[in-house]
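Let's go through a few of the labels used for this protein and see what stands behind them. Have the sequence and the model open as you read.

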Amino acid sequence: MTNVMILCPVTERPVPVGLQVRPTRRYRSDLPQSGSVRCQACHRRHYWDRRETILEGATASWRRDGGIQAKLPARYLLGRDPIQS
Ligand SMILES: [Zn+2]
């Protein structure tokens, strides 16, 4: 099993969301639609959508594909739950 990660928008470091999946191309189908995690890197809470998750070890190619700023929506920085807003 492999840790599911998001990239912290503050530190740009990968942080585990607390879920583990089998590392297949379709791993996202085993995840909930979205969730939140208390970030180990910056100690804020981040909300994630499963389309934005990455597998542990995949962060190198993710960065190479254009980096974090272009891909993360602003709500990551606001710390608000998009469902309630
Ligand atoms: Zn963070």
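Q: What stands opposite Met 5 in β2?
A: Pro 16 in β2 stands opposite Met 5. This is a predicted model, where local features need pLDDT of at least 70 and side-chain atom pairs count only at pLDDT 80 or more, while totals for chains, interfaces and linings use all residues. Residues are numbered from 1 along each chain as its sequence is written.

Q: What makes β1 and β2 a pair?
A: Two strands pair if DSSP finds at least two bridges between them. Strand β1 (residues 2-7) and strand β2 (residues 14-21) have 5 bridges in the antiparallel sense, so they meet that definition. The two form a hairpin with 6 residues between them, and Glu 12 in the turn has a positive phi of about 60°.

Q: How many helices and strands are there in the protein chain?
A: There are 2 helices and 5 strands, in the order β-β-β-β-β-α-α along the sequence. Helices (H or I, at least four residues) and strands (E, at least two) are DSSP runs, numbered from the N terminus.

Q: Why is Gly 35 called partly exposed?
A: Counting C-beta atoms placed from the backbone, a residue is buried with 20 or more others within 10 Å of its own, exposed with 12 or fewer, and partly exposed in between. Gly 35 has 17, so it is partly exposed.

Q: Which residues is Gly 35 in contact with, leaving aside its neighbours within four places in sequence?
A: Gly 35 is in contact (C-beta atoms, placed from the backbone, within 7 Å) with Val 17 and Trp 48.

Definitions and conventions: Two residues are in contact if their C-beta atoms, placed from the backbone, lie within 7 Å.
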